[in-house]
Amino acid sequence: MSQQSVAAGNVSSRAKAMRMMNFSRPEYQIKDIKVYTDTMTVYSLAGYVIYPFGEWSSVEQYITDNQLSWYRDIGYKNYFDSMEVSVNRMRRYDDSYIDLYYSIWTKKVELLGGYITDKDVQLVNGLHVGMSKDDVFKVFFKKYPKSYTADVAVLKVVSGAGEVAEIYTFRGQKLRHIKIETS
């Protein structure tokens, strides 16, 4: 492949990304979009990205309010390479999990990571495993050309400072799993 055709492909991806910006929902405060091969990365300033399961003042409140049965494991993990925090790993029957800890600085339950394959686990914005690709994109965009998302197998929504990323992976036209990574 010549350098010109590679450059043309990059321009095309960037043009798609810039056009998608025009269709973004204002509540997600989307500031940039990048498209590379089968992955669309969306950079958002919305608080939702940092708290996809909602804002809670205790792990017990989250367990009680979401009405799902969780298995709870408690352990410790390194945080900012200088201290350890008590981490609650909330697991579901299919081994979906989220790692949470209570922050003394924010006075909220903070998310360290997660992997969701259970259809019963729903994010605050209504997203859950098993949804159609079209319905997932409709959460973030008012409308968009379907051809722009046809080749997208991974939608990655990243917080403005890059500290939290939600990774939505599709198999065909269905949401297969949701992964949450934090720095």
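Guide: We'll go through the core, a hairpin and a loop.

Visitor: Ground rules before we start?
Guide: This is a predicted model: local features need pLDDT of at least 70, side-chain atom pairs count only at pLDDT 80 or more, and totals for chains, interfaces and linings use all residues. Residues are numbered from 1 along each chain as its sequence is written, and side-chain values use heavy atoms, with hydrogens and water left out.

Visitor: Which residues touch the most other members in the largest nonpolar core?
Guide: Met40, Phe140, Phe141, Leu155 and Tyr168, out of 44 residues. A nonpolar core here is a set of buried Ala, Val, Leu, Ile, Met, Phe, Trp, Tyr and Cys residues joined through side-chain atoms within 4.5 Å. Buried means under 20% relative accessible area, exposed over 50%, partly exposed in between (1.4 Å probe, protein chains only).

Visitor: And which helix gives the most to this core?
Guide: Helix H3, residues 133-140, with 4 residues. Helices (H or I, at least four residues) and strands (E, at least two) are DSSP runs, numbered from the N terminus.

Visitor: What is Phe141 in contact with?
Guide: Leaving aside neighbours within four places in sequence, Phe141 contacts Met20, Phe23, Ser24, Arg25, Ile30, Ile33, Met40 and Val42. Contact means heavy atoms within 4.5 Å.

Visitor: New topic. How do E5 and E6 pair?
Guide: Antiparallel, over 6 bridges. Two strands pair if DSSP finds at least two bridges between them. They form a hairpin with 6 residues between them, and Lys107 in the turn has a positive phi of about 60°.

Visitor: What stands opposite Tyr102?
Guide: Val109 in E6. Tyr102 itself sits in strand E5, residues 97-102. Its relative accessible area is 39%, so Tyr102 counts as partly exposed.

Visitor: Why is E6 called largely enclosed?
Guide: Because 7 of the 8 residues of E6 (residues 109-116) are buried.

Visitor: How many bridges join E6 to E9?
Guide: 4, and the two strands run antiparallel. E9 covers residues 174-182. Gly113 stands opposite Glu181 there.

Visitor: Last one. Where is Asp94 found?
Guide: In the loop between E4 (83-91) and E5. At 35% relative accessibility, Asp94 is partly exposed. Leaving aside neighbours within four places in sequence, Asp94 contacts Thr117 and Asp118.

Visitor: What separates the C-alpha atoms of Asp94 and Ser159?
Guide: 28 Å, with the two residues 65 apart along the chain.
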